[in-house]
Amino acid sequence: MALGHHAARSAAVVVADSRSPLSRLLAAAYREAIPSARHLDFDALAPAEILAAFAPLAPGDLVVLIQSSNFRLAEFRLRVELFARGLKVVEHPHLERMDGAEIPLYVEALAYDPTYYRGTGQALRARIDAARSCSIETGADAPLLFQGPFETAKLNVGDYREMRNVGGLYPIGEVFTEAVDLEGLHGPARVDIFADLDFRPHLPAIPVTLVIEKGRVVDARDATPEAWRVLEKIRADEGEIWVRELGFGLNRAFGPGRIVSDIGTLERMCGVHLSLGAKHTVYKKPAFSRRTGRHHVDIFLADPRVRIDEEVVFQAGAWVI
């Protein structure tokens, strides 16, 4: 497990609902993996009773949240409040969006290879933090060009040695950043998966080619009606369509033909994703505020080939660093 061995002397609380097949499967798996934990049925208890179960926990203890949607138990995001107390937190949200053949994919995505995740993640972060540029070929007539420098890269690879908080959203497998100067992004990008307005993946029959100038989407070739709805919604709410996050997914359980219906989970897919819209809660930019930035829509690039400076780091569906 990415968190390391859970010491017998450390306490744990697992909170799960039973509203979806995947939540029930994970709840049973955690009962077997951590029999000494206190296992709570979210639907059988009042919110105050669940919050009270966290009260005796000490820093370093573990909380696991298994949610068919999202638990609403606190004024702020529960994970953030638990982190503030020094607790380890594993959060599995939106499980009801995945069913049938997607369940084995999700379970496979939870497997942890520390050599791969930590080695690739740290190597990517080192290159991003020193990069002058990044170019991404997606089969368009020109590459998508990012002009550096980049914001300090963030890791979700199960390596918590240099991090204040231990845990987070699962499955893991992502390194992300964005350009310091968002206007230093130009070029076309072929997109084969969009998040739709319900945060589910939309796969156009022909990839949509977004044309980006000075960090903004100015055209969309071969766009489907669903893709246009997403773009026009962002434009209507924010005035223009900014491109912000540059995300590198590392989770090899997901890829072409191996897609799940929760876009937040799919964000870990081995490959490259961007975000559309002014909203980004990690990187603060003077031109954007929480009030004006309303959208963060993930899009996934078709068969990308990535160079950081002049070094090829991703091609043929795999990281090569």
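Two strands are taken as paired if DSSP finds at least two bridges between them. Strands themselves are DSSP runs of E, at least two residues long, and helices are runs of H or I of at least four residues, both numbered from the N terminus.

The model before you is predicted: local features need pLDDT of at least 70, side-chain atom pairs count only at pLDDT 80 or more, and totals for chains, interfaces and linings use all residues. Residues are numbered from 1 along each chain as its sequence is written, and side-chain values use heavy atoms, with hydrogens and water left out.

I begin with strand β17, residues 305-308. Its side chains alternate: Val 306 and Ile 308 point to one face and are buried (under 20% relative accessible area, with exposed over 50% and partly exposed in between; 1.4 Å probe, protein chains only).

Strand β17 pairs with β5, residues 133-137, in the antiparallel sense over four bridges, and here Arg 305 is the bridge partner of Glu 137. Strand β17 also pairs with β18, residues 311-315, again antiparallel, over three bridges; Arg 307 stands opposite Val 312. β17 and β18 form a hairpin with two residues between them, and Asp 309 in the turn has a positive phi of about 55°.

I turn now to the open sheet. Five strands form it in the order β2-β1-β3-β4-β8, with parallel pairing. β2 (38-41) and β8 (167-169) stand at the edges with a single partner strand each, so one side of each has no neighbour in the sheet. Within this sheet, β3 (residues 62-66) and β4 (residues 88-92) pair over five bridges, and Val 64 stands opposite Val 90 in β4.
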